[in-house]
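Please walk me through this model.

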Amino acid sequence: MSAVRRIALLDAPSNLGLRPPTPTSTPGCAKAPGALRDHGLLGRLVARDAGCLTAPRYDVGDWRPGDGVAHAHAIAAYSVALAGRIGAIIDADEFPVVVGGDCSILLGSALAMHRLGEAVGGRIGLVYVDGHSDFRHPGNASYVGAAAGEGLALATGRGQADLAAIEGRRPYFRDVDVVVLGIRAQDEYRLDLQAAGILTRPVPALRAEGAARTAQWARDQLADCAGYWVHIDVDVLDPAVMPAVDAPDPGGIAFAELELLIAGLVDTPHCLGIELTVFDPDYDPDGAYAADITSAVVAGLAPIRAAASARSASPLAFTQRRRPAPDADRFRPPVSVVPEPAPEVAVEPAPPPVVPPPVEPAAPSPAAIDPAAAGSTPAAEDDAAPVRRPAIGRQRRSAFDVIAGDADAVRKRRSAADILAAPLGSDAAGPGRLRRPTDADPITPDPRPGGLRRRPATDDSDPDTRPGGLRRRPAADDSDPDTRPGGLRRRPEDEGEAITTKPRPGGLRRPGQVGDDPPPPEDH
C-alpha cells in the first residue's frame with residue numbers, strides 16, 4: 001500500500017437502514033452526497049470522482065416489529081455492490097472517501113475490508129466514530145428493525161445471517177480489532193461493548209485526552225492489524241453545532257475536535273479509507289450545516305491531500321492504470337518487427353558559396369571637392385530639378401521645409417557627405433548649420449555677466465586663459481598682498497580720520513558712512 005494516494009470520492013446514497021421519519025415520508029440522508037458536492041467537496045478534496053452507487057428503492061411495505069431488519073435483502077445486495085466499488089478503488093492505490101447515506105453502508109465497507117484482509121493474509125481493524133454504539137442485536141433487544149441502529153453489531157457478526165454473514169464471511173471485524181470513539185457516557189449498550197472486549201473512549205475521556213492524542217491511541221490499539229477502516233457518523237457532533245441528523249443526542253464534540261480526530265486517523269498508510277454517514281439535508285434548508293461538514297472533511301483529510309499534491313508534481317502521477325491482460329495474452333512474447341532499410345539517397349555536395357567582388361568606393365565628384373563647382377550660390381540650387389513626392393492627398397512638408405520657409409520648399413536636402421565636404425568658410429549655411437568664424441571676421445565685444453568675454457582663438461598670449469577662451473579680469477591692484485578672493489581687499493584706516501560708525505568684519509564699511517570716499521558722480 002503506497003503512502004501517497006489520491007482521494008477517490010464515491011457516493012453511497014442509501015437510506016435503507018433507517019426508520020421513516022413519518023408514516024408517509026422517507027429519510028433525507030440519501031440527499032447528503034449531493035448536498036456536500038454542491039458545496040465543492042469534490043474540488044476542494046482534489047479528488048477523483050468515483051461516481052455514485054445508486055441504492056434500491058426505500059419501501060418498508062408492511063414491515064412489523066419482529067420481522068427482522070427492514071430492507072434486509074436490498075441492503076445485502078447493495079453491500080455486495082458497494083464492496084466491489086471500494087475494493088476497486090483500493091486496488092488502484094487510491095484512498096476511498098464514501099459519502100452516505102445511513103450507517104448501514106458500513107456493511108459494504110466491512111465486506112470489502114474482509115475481502116482485502118483475506119487477500120493480504122492479515123486482519124483489518126475498524127475505528128467507529130459515532131455518537132451511538134449501534135450495538136443493538138437480538139441478544140440484547142426485544143426486536144430489531146433498522147440496520148443503521150445495529151450496524152456495529154452486524155459488522156462484528158451479531159444478528160441475522162443474511163446481513164452479518166454475507167458471502168459466508170462472519171465476522172467482518174473481530175471484537176479485539178474494533179475501537180469505538182465519541183459515544184455518549186450514558187450509551188445504552190456501553191456495558192455490552194465492555195463485555196465483548198471492544199475498546200471505547202466516550203466523549204468525556206476523548207476531550208480529557210484531546211482529539212489528536214485519542215486518534216493516536218486508537219491507532220496504537222490496532223497496531224497488530226494490516227490496516228483499518230474509519231467510520232464517521234456526524235451525530236458524534238453536539239446538536240448545538242450539528243442538529244441535521246436523524247437522532248441528535250446532547251454531549252457531543254465540536255467541529256474542531258472532529259477535524260483533529262480525522263486528521264490523526266488518516267495520517268498513516270495503515271488507514272485504508274473513510275466513510276461519512278447520517279447527515280440529513282432535510283434539516284438544513286439553507287445549506288449552512290452542509291458547508292460546515294464540507295469544511296471539516298476537507299480540513300481533516302489535509303494529510304492525504306498534501307501527500308497527493310506532492311505526488312502530482314510528477315508528470316506520471318495519477319495516470320490511469322491499465323487492467324491486467326487476460327491469461328491468453330499476458331505471457332505472449334512480443335512480436336519483433338524489423339523495419340526494412342530505407343533506400344540510400346545520393347546527396348550531391350552543395351556548390352561553393354558565391355562571393356561578390358569587393359566594391360570600390362565611389363570617388364567624390366568634383367563638385368564636392370571644388371567649392372566653385374559646388375554651386376554655393378542659391379541660384380545654382382534653384383536650377384536643380386525639384387524632388388517629386390507622391391501626390392496622394394495633401395502633400396506633407398518635412399521639418400526642413402517648414403524651417404526653411406515656402407521659398408525654400410523645393411530646396412534639396414544635403415547629405416552628410418556634402419556637409420562634411422563643404423568648405424569651412426562657405427556661406428551656404430542654412431537653418432541649423434553652424435559656421436566657423438575666420439580670421440577676417442571682426443571680434444565683436446560680447447561681455448558676459450561679471451565682465452567675462454570670449455577671447456579669439458588666435459590669441460594665445462594670455463597665460464591665464466580659461467577653457468573656452470575665458471579669462472579672469474585683472475584686479476585693480478595685484479601688488480597688494482592683502483587682496484581677497486574676487487578682487488576684494490581690506491581698506492586701510494587713516495590715522496587722522498575720525499570713524500564714528502563701527503566697521504564691518506574685515507574692515508568693510510557700508511557706503512555713505514563717515515570716512516568713505518564720496519560716491520562717483522552718475523553719468524547721464
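In this predicted model, helix H9 meets helix H10 through Ala-211, Ala-212, Thr-214, Ala-215, Ala-218 and Arg-219. On the H10 side, the partners are Glu-257, Leu-260, Leu-261, Gly-264 and Leu-265. By class, this contact has 7 nonpolar, 2 polar and 2 charged residues. H9 covers residues 211-221. The axes of H9 and H10 lie 8 Å apart, at an angle of about 30 degrees. The crossing of H9 over H10 is right-handed.

Now follow H10 to its contact with H11. H10 spans residues 255-266, and H11 spans residues 288-300. The two pack at an angle of about 35 degrees, and 8 Å separates their axes. H10 also passes H11 in a right-handed crossing. Here H10 contributes Phe-255, Glu-259, Ile-262, Ala-263 and Val-266. H11 answers with Asp-292, Ile-293, Ser-295, Ala-296, Ala-299 and Gly-300. The residues of this contact divide into 7 nonpolar, 2 polar and 2 charged.

How far does confidence reach? The protein chain averages a pLDDT of 77. A score of at least 70 is found for 58% of the residues. Residues 314-340 stay under 50 in pLDDT. For that stretch, the model has 11 contacts beyond four places in sequence. Residues 406-412 also stay under 50, with 8 such contacts. Low pLDDT means that the predicted coordinates should not be read in detail.

Note on methods
Residues numbered from 1 in each chain as written. Predicted model: local features only at pLDDT ≥ 70, side-chain atom pairs only at ≥ 80, totals over all residues. Heavy atoms only, no water. pLDDT = per-residue confidence, 0-100. Contact = heavy atoms within 4.5 Å. Axes fitted to C-alpha atoms, helices over the stretch in contact; angles between N-to-C directions. Helix = DSSP H or I, 4+ residues; strand = E, 2+ residues; numbered from the N terminus. Left-handed = near helix turned anticlockwise from the far one by under 90°. Nonpolar A, V, L, I, M, F, W, Y, C, P; charged D, E, K, R; others polar.
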